[in-house]
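Hi,

Here is the structure I promised to pass on. Have a look at it first, and then read on for what turned up.

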Amino acid sequence: MWRSSGMVIGLMRGCWRWSSFDGGVAGVGDRQVHACVGSDGARKKNWLVVRSDVWFKLSDDTEQTCKHPTKGKRVIDGSRVCRRFWLRSAGASQNGKFSYGYASSPGKRASMEDFYETRIDGVDGEIVGLFGVFDGHGGARAAEYVKQNLFSNLISHPKFISDTKSAIADAYSHTDSEFLKSENTQNRDAGSTASTAILVGDRLLVANVGDSRAVICRGGNAIAVSRDHKPDQTDERQRIEDAGGFVMWAGTWRVGGVLAVSRAFGDRLLKQYVVADPEIQEEKVDSSLEFLILASDGLWDVVTNEEAVAIVKPIQEPEDAAKRLMQEAYQRGSGDNITIVVVRFLANHGASSLGSSG
């Protein structure tokens, strides 16, 4: 373990962990540690990127070393940072209530427009889990923007704890508006779905825009806790037509003959019809709730809710479960990017004694 001013970083169960940073932020880094190169291209001495959007400053006064628990490769040696180092894509909450893992692949596509976010934060003394899958279209700009901004906007909302549902709705709307402002100079429309899960205390709040999906296993049963937003759904079609738009068949049902989802972030030219208003569903976290699957349609196009739950159920490690689902989707011929986050609830399932790794 190494220390730097204001935080502690270490390895636990193969995962990077940090705590006591910026008022109690705690979380797990993304899958790679990258060289410290700033936006100006200059190498940053004694800085480490654990997540793509977070910089951590290391202490300058002592040589410090951190090694991978199995490979033993040196990551940090004084001021030197290795260019790339693979880490486990998994973590667990400090209170031992849940663990999570993820897997993401371009699949059979040449480009990658899927993004995901897994984050554990401290808000007003509560440990909060935030998980999301974002499937871009028209390029990766919108999905990447939502990944980088949605959860930050959410946890900074003044009513995040007291009225979480309204905070989620406001954060979705604000993030969409800010992205659209940033797109003024772009010639091509970009958009993104968002399927997110927020864990606050014993509440699980799932919010969805687009056709990424959230499915839980409760009491052994697969239950969809989000609805895919498709233009041919009766209420969605009515909403679009009431706003002056139209839905037509062009290989599949599309808004204006263009877009195959009826709700999304971005999509400036269709914004009047393609809204970013999330549908939000709340579930109680109790002993019957076993796990949650968030995934882009690269999974759901070829794997049913029931099949996904059956595959995950016997696999205790969420990271392994996410990878197994990704492999299954690929083998079944999914032609899209595939991104999956699995959250397993540990309380009352014989795993509450696990040490924290997030």
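Before the strands, one term: two strands count as paired if DSSP finds at least two bridges between them. With that in hand, strand β19 (residues 213-218) is joined to β20 by 4 bridges, and the two run antiparallel. One of the facing pairs is cysteine 217, whose bridge partner in β20 is alanine 222. The hairpin these strands form has 2 residues between them, and glycine 219 there takes a positive phi near 60°.

Please keep in mind that this is a predicted model. Mean pLDDT for the protein comes out at 78, with 71% of the residues at 70 or more. Residues 1-88 have pLDDT below 50, although in the model this stretch makes 207 contacts beyond near neighbours in sequence. Residues 349-358 are also below 50, and that stretch has 32 such contacts. I'd treat what the model draws in those two stretches with caution.

β19 and β20 sit in an open sheet of 6 strands, in the order β12-β13-β26-β25-β19-β20, with antiparallel pairing. Which strands stand at the edges? They are β12 (90-92) and β20 (221-224); each has a single partner strand, so one side of each is left without a neighbour in the sheet. From one strand to the next, the twist averages 20°.

Elsewhere in that sheet, β13 (residues 98-105) and β26 (residues 338-345) run antiparallel and are joined by 8 bridges. Phenylalanine 98 stands opposite phenylalanine 345 of β26. Helix α6 (residues 318-331) packs on the sheet, where it touches β12, β13, β25 (289-295) and β26. The direction of α6 makes about 30° with that of β13.

How many cavities of 30 Å³ or more does a search of the whole structure find? There are 2. The second largest cavity has a volume of about 30 Å³, and its lining consists of Leu150, Phe151, Leu154, Ile168, Ala171, Tyr172, Thr196 and Ile198. Two or more of these residues come from each of α1 (141-155), α2 (164-182) and β17 (194-200). By class, the cavity lining has 7 nonpolar residues, 1 polar and no charged.

The second largest pocket has another make-up: its lining holds 11 charged, 8 polar and 6 nonpolar residues. Of the 25 residues that line the pocket, Arg109, Gly136, His137, Leu259 and Ala260 lie nearest its centre. Strand β15 (residues 126-137) gives the largest share of the pocket lining, with 3 residues.

That's everything I have for now.

Cheers

Technical notes
Residues are numbered from 1 along each chain as its sequence is written. This is a predicted model: local features need pLDDT of at least 70, side-chain atom pairs count only at pLDDT 80 or more; totals for chains, interfaces and linings use all residues. Side-chain values use heavy atoms; hydrogens and water are left out. On a 1 Å grid over the protein atoms alone, a cavity is a set of points where a 1.4 Å probe fits but cannot get out, and a pocket is an open set with protein on both sides within 12 Å along at least five of seven lines; lining residues have an atom within 4 Å of a point. Ala, Val, Leu, Ile, Met, Phe, Trp, Tyr, Cys and Pro count as nonpolar, Asp, Glu, Lys and Arg as charged, and the others, Gly among them, as polar. pLDDT is the predictor's confidence in each residue, from 0 to 100. Contact means heavy atoms within 4.5 Å. Axes are lines fitted to C-alpha atoms, for helices over the stretch in contact, and angles run from 0 to 180 degrees between N-to-C directions. Grid points are joined across faces, edges and corners, and a volume is the space filled by probe spheres set on the points.
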